[in-house]
Amino acid sequence: FGFTPRDLDAFVTQFKARGTRVIIDMEKKGLEIAEKHGVFAIKPNYNEFCEYIGIEPDSLNEIAAAAMKKAESISNVIVSLGEEGAVFATRTEAYHAVAKDVNCLSTTGAGDALLSGFIYGVFSGKSYKDSVKWAVATASAKVGEEGTRPPEFENIEKFLNNVTVTQIR
């Protein structure tokens with residue numbers, strides 16, 4: 001990750017001591033540190049999540065169950081599933097969200113967009129379910145853009161009606 005796990009551990013310790021909500025989007029070691037500190041959110045992709053939990057869940061229900069288990073110490077667990085959307089979990093609920101009619105030009109930045117849409121929803125006071133919808137709408141708008149340019153707010157809003165959010169648990 002550009003710095004050592006020990007560095008990450010120290011950063012998270014300092015941020016948590018200041019009351020900062022920490023979000024980790026890294027591979028296994030970073031996710032383990034996130035769990036140790038009980039961070040606000042993690043956002044691994046499916047392969048990173050499988051490596052982190054040590055199994056390969058083969059259904060949305062199994063992914064949701066594993067994510068909810070991790071949410072016992074991490075407030076929000078978001079597992080991105082590429083074109084299949086994402087699973088979002090807290091310790092008490094889990095949702096699957098997916099968008100239809102997405103024209104994918106580039107996946108660069110899609111995970112970051114997913115996370116930023118979720119953060120926007122949560123910090124704007126939206127419900128958890130609406131925050132999930134904003135996350136997938138933001139990622140869907142992003143994949144319709146070339147390169148690293150973030151999507152326009154108007155494009156994100158257009159995708160809100162194309163996102164289906166289903167409660168799994």
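Strands here are DSSP runs of E with at least two residues, helices are DSSP runs of H or I with at least four, and both are numbered from the N terminus. Two strands count as paired if DSSP finds at least two bridges between them.

Before I go on, a word on the source: this is a predicted model, in which local features need pLDDT of at least 70, side-chain atom pairs count only at pLDDT 80 or more, and totals for chains, interfaces and linings use all residues. Residues are numbered from 1 along each chain as its sequence is written, and side-chain values use heavy atoms, with hydrogens and water left out.

Back to the strands. Strand E4 covers residues 86-89 and strand E5 covers residues 94-99; they run antiparallel and are joined by four bridges. Together E4 and E5 make a hairpin, with four residues between them. On to the next pairing: E5 and E6 are also antiparallel, over five bridges. His96, for example, has Thr166 in E6 as its bridge partner.

How many strands does the open sheet have, and in what order? There are six, in the order E1-E2-E3-E4-E5-E6, and the pairing is mixed. At the edges are strand E1 (23-24) and strand E6 (163-167), each of which pairs on one side only.

Is E5 enclosed or open to the outside? Five of the six residues of E5 are buried, so the strand is largely enclosed by the rest of the structure. Buried means under 20% relative accessible area, exposed means over 50%, and partly exposed is in between, with a 1.4 Å probe and protein chains only.

Asp101 lies in the loop between E5 and H5. Asp101 has a positive phi of about 55 degrees, although it is not a glycine. Its relative accessible area is 64%, so Asp101 is exposed.

Next, the helices. Two packed helices are described by the angle between their axes and the distance between the axes. Helix H5 (residues 110-123) and helix H6 (residues 128-143) pack at about 145 degrees, with axes 7 Å apart. The axes are lines fitted to C-alpha atoms, for helices over the stretch in contact, and the angles run from 0 to 180 degrees between N-to-C directions.

What is the contact between H5 and H6 made of? Its residues divide into 13 nonpolar, five polar and one charged. In this count Ala, Val, Leu, Ile, Met, Phe, Trp, Tyr, Cys and Pro are nonpolar, Asp, Glu, Lys and Arg are charged, and the others, Gly among them, are polar. Among the residues in the contact are Leu114 and Phe118 of H5, and Trp134 and Lys142 of H6. Contact means heavy atoms within 4.5 Å.

Thr138 is a residue of helix H6. With a relative accessible area of 5%, Thr138 is buried. Leaving aside neighbours within four places in sequence, Thr138 touches Ala113, Ser116, Gly117, Pro151 and Ile156.

Last topic: charges. Side chains of opposite charge can pair when their charged atoms come close. A salt bridge here is a side-chain nitrogen of Lys or Arg within 4 Å of a carboxyl oxygen of Asp or Glu. By that rule the count is six.

One of them joins Lys36 and Asp9, at 2.9 Å from N to O. Lys36 is in helix H2 (residues 28-37) and Asp9 in helix H1 (residues 5-17), 27 residues apart in the chain. Lys36 is exposed, at 57% relative accessible area.

Lys43 and Asp25 form another, with the closest N and O atoms 3.7 Å apart. Both sit in loops: Lys43 between strand E2 (41-42) and helix H3 (46-53), Asp25 between E1 and H2. Lys43 is buried, at 4% relative accessibility, while Asp25 is partly exposed, at 32%.

Glu35 pairs with Lys70, and their closest N and O atoms are 3.2 Å apart. This pair links helix H2 to helix H4 (residues 60-70), across 35 residues of the chain. Glu35 is partly exposed, at 25% relative accessibility, and Lys70 is buried, at 18%.

Finally, Lys28, Lys29 and Glu32 are linked in a network of salt bridges.
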